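These are my notebook entries on a few places I looked up, set down in the order in which I went through them.

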Amino acid sequence: PRRLLSVNDLRVQFFQSQSGGFGKPLPIKVVNGVSFDVFEGETLGLVGESGCGKTTLGRALIRLGHAAVSGRIMFDDREISSISNREFRTLRKEIQMIFQDPFGSLNPRLTVGQMLGEVLAVHNIARKESARKRIEELLDVVGLQREYFNRYPHEFSGGQRQRLGIARALAVNPKFIICDEPVSALDVSIQSQIINLLKDLQRELGLTYLFIAHDLSVVEYISDRVAVMYLGKIVEIARSGELYANPKHPYTRALLSAIPSPDLGGKKERIILKGDLPGPMHIPSGCSFHPRCPVAMPECRQKEPLLKELDNSDGHQVSCLLYE
Ligand code: SF4
């Protein structure tokens with residue numbers, strides 16, 4: 001398959017003013033040198049605890065948020081990290097985002113018809129009668145009734161609002177959708193409906209997804225490959241089945257040990273990590289996971305591991321000195 005998105009050494013920094021407003025603002029490195037590819041038609045899952053930088057990474061790809069971004073981003077064979085904001089706006093038709101809180105991202109004063117109509121008009125896709133037809137098609141596609149055209153977002157349940165969020169993303173016929181925790185605010189039974197809808201749409205429309213979530217079971221179910229993030233870096237990336245069956249990085253192992261697995265009859269040993277996740281202001285030296293790593297070695301304090309592909313592994317990459 002073709003590379004649709006290729007990210008190289010992406011770094012995202014915020015600047016925090018010091019207390020009292022004295023001194024230079026402090027840089028906070030939220031995404032700290034991340035490289036990965038997303039292939040056409042696949043879903044790449046991106047997992048990690050809150051604060052690991054995964055949402056910031058997703059937003060930086062579409063220039064949301066006020067952060068300093070560096071690195072190279074290629075999309076559909078075009079270099080998009082250095083193009084002007086104006087050029088980037090035209091590209092926004094091809095890259096869409098679905099958010100965690102569908103209500104927060106829907107304007108409460110607009111009916112479904114007005115909201116989707118606005119999207120179609122802004123992107124010069126359809127107006128008036130043809131817009132109405134397109135909106136009704138979109139409602140069909142996401143499994144909502146056409147009668148909802150004149151309703152307001154607050155009249156919908158959480159799951160229905162996420163379907164609207166998906167309809168809004170699909171309105172512009174994107175190729176690539178960044179799904180940022182799209183089901184984590186929903187009840188478990190509704191979660192699987194939305195995930196299945198996303199899977200069906202992917203198949204029917206040939207979509208490519210970056211699926212960001214902290215819930216490892218959800219990510220396993222939807223993703224072809226999974227990348228694990230810790231403190232602004234990808235520490236492991238592999239095909240989904242391989243990662244879950246054969247995790248290599250001590251952090252991935254700890255994360256996976258926390259998921260109950262019915263086949264082991266609860267006998268799996270849970271790995272409890274020491275300490276809390278450090279903030280991005282206090283990234284430890286060497287391997288940034290070393291203060292919490294159950295198998296840390298003395299050199300882990302100084303030497304920074306690089307993300308490297310394991311031998312004969314079909315693309316399984318890990319960043320840990322145990323494998324160097
Ligand atoms: Fe643990 Fe060292 Fe590997 Fe980091 S490099 S994950 S501290 S063993």
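This is a predicted model: local features need pLDDT of at least 70, side-chain atom pairs count only at pLDDT 80 or more; totals for chains, interfaces and linings use all residues.

Entry on α9. I looked up helix α9, residues 250-257, and found that its buried residues are P250, Y251, T252 and L255. I then asked what covers them, and the cover includes α7 (216-222) and α8 (240-245), together with the strands β9 (225-230) and β10 (233-239).

Entry on α5 and α6. I examined helix α5 (residues 158-170) against helix α6 (residues 188-205), whose axes come within 10 Å and cross at roughly 20°. Because of that angle, I record α5 as roughly parallel to α6, and I note that their crossing is right-handed. On the α5 side I listed G158, G159, Q162, R163 and I166, which meet I190, Q193, I194 and L197 of α6. By class, the residues of this contact divide into four nonpolar, four polar and one charged.

Entry on the ligand. I counted 13 residues around the ligand, of which C287, C293, C300, C320 and L321 come nearest. The shell has twelve nonpolar residues and one polar residue, with no charged ones.

Entry on R11. I located R11 in strand β1, residues 3-16, and noted R11 as partly exposed because 17 other C-beta atoms lie within 10 Å. Leaving aside neighbours within four places in sequence, R11 is in contact with K29, V31, N32, G33, S70 and G71. I also checked A238, 227 residues from R11 along the chain, and the C-alpha atoms of the two are separated by 22 Å.

Methods:
Residues are numbered from 1 along each chain as its sequence is written. Axes are lines fitted to C-alpha atoms, for helices over the stretch in contact, and angles run from 0 to 180 degrees between N-to-C directions. Helices (H or I, at least four residues) and strands (E, at least two) are DSSP runs, numbered from the N terminus. Angles under 35 degrees count as roughly parallel, over 145 as roughly antiparallel, 65 to 115 as roughly perpendicular and the rest as oblique. A crossing is left-handed if the near helix is turned anticlockwise from the far one by less than a right angle, and right-handed if clockwise. Two residues are in contact if their C-beta atoms, placed from the backbone, lie within 7 Å. Ala, Val, Leu, Ile, Met, Phe, Trp, Tyr, Cys and Pro count as nonpolar, Asp, Glu, Lys and Arg as charged, and the others, Gly among them, as polar. A residue is near a molecule or strand if its C-beta atom, placed from the backbone, lies within 6 Å of it. A residue is buried if 20 or more other C-beta atoms lie within 10 Å of its own, exposed if 12 or fewer, and partly exposed in between; C-beta atoms are placed from the backbone.
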